[in-house]
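Hi there,

Here is the structure I promised to pass on.

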Amino acid sequence: MNMERLKEALISLDLPHDDETMEKFRRYMEGILEWNQKLNLTAITDREEFILKHFIDSLLCCGFAEYKESRTVIDVGTGAGFPGIPLAIVSPEKEFILADSLNKRLKVVSSLSGDLCLSNVRTIHGRAEELARNKAYRESFDLCVSRAVANMAVLSEYCLPFLRKGGYLLAYKGPDGREEVKKAEKAISVLGGKCMRIEESPVEGFDHNIAVIEKIKNTPAKFPRKAGTPAKEPIF
């Protein structure tokens with residue numbers, strides 16, 4: 001029963017919904033819920049809610065041209081693998097790097113994605129402020145996705161340095177997303193971005209918004225600031 005809602009959403013978003021795809025989603029959910037008994041991975045343990053808030057919510061950007069045209073994607077603050085893993089399941093042609101500051105969580109995500117043979121997924125451990133200063137990652141991605149990590153001003157400093165010029169940040173936000181973006185206009189601009197639009201959820205029953213930020217110029221070398229500073233002293 002609970003997988004039917006996911007299948008309906010996949011069909012409505014014109015995404016793969018064959019038996020193999022559905023089985024990958026099911027196995028990932030069961031794996032996270034099993035590990036959740038030992039590690040704090042998610043507060044959502046009801047399967048219906050898990051499918052709605054972790055799987056369907058993660059897939060809301062799949063119809064965007066910015067997502068479709070990207071090849072390299074970084075998920076900043078992936079946590080238990082959202083939105084990165086659901087996106088990787090339906091987009092085997094893209095390369096995903098899932099970044100998080102907690103290695104325990106990443107080990108679970110890496111193990112489960114390996115079990116599902118998701119060869120397009122790699123995890124990296126570290127704080128965004130430090131990883132974005134690494135030449136291997138700085139300004140090298142087509143797309144950055146991030147969900148429930150920080151307010152928009154702080155998130156911009158975490159995420160925009162990873163994007164190449166012409167790349168996009170898709171920031172998953174709640175119903176107050178428009179207000180958040182408005183307050184973060186200075187930070188977005190200083191870090192090289194520009195808000196192109198805010199998309200409301202295409203799936204009925206969601207009051208979520210996704211802010212679409214284009215990287216229009218290179219991020220100044222002094223950003224991101226040292227670990228902890230963006231959250232303590234946001235750019236306003």
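Helix 3 (residues 47–58) lies across strand 4 (141–147) and strand 5 (163–173), and its direction is at about 160 degrees to strand 4. Please keep in mind that this is a predicted model. Elsewhere, helix 6 (residues 103–115) lies across strand 2 and strand 3, running at about 165 degrees to strand 3.

Seven strands make up an open sheet with mixed pairing, in the order 3-2-1-4-5-7-6. Strand 3 (121–125) and strand 6 (193–200) are at the edges with a single partner strand each, so one side of each has no neighbour in the sheet. From one strand to the next, the twist averages 20 degrees.

Helix 1 (residues 2–12) packs with helix 2 (residues 19–35) at an angle of about 130 degrees, and their axes are 11 Å apart. Because angles over 145 degrees would count as roughly antiparallel, this value makes helix 1 oblique to helix 2. Their crossing is right-handed. On the helix 1 side, M3, L6, K7 and L10 meet M22, F25, R26 and M29 of helix 2. Sorted by class, this contact has six nonpolar residues, two charged ones and no polar ones.

Note on methods:
Residues numbered from 1 in each chain as written. Predicted model: local features only at pLDDT ≥ 70, side-chain atom pairs only at ≥ 80, totals over all residues. Heavy atoms only, no water. Axes fitted to C-alpha atoms, helices over the stretch in contact; angles between N-to-C directions. Helix = DSSP H or I, 4+ residues; strand = E, 2+ residues; numbered from the N terminus. Parallel < 35°, antiparallel > 145°, perpendicular 65-115°, else oblique. Left-handed = near helix turned anticlockwise from the far one by under 90°. Contact = heavy atoms within 4.5 Å. Nonpolar A, V, L, I, M, F, W, Y, C, P; charged D, E, K, R; others polar. Pairing = 2+ DSSP bridges.
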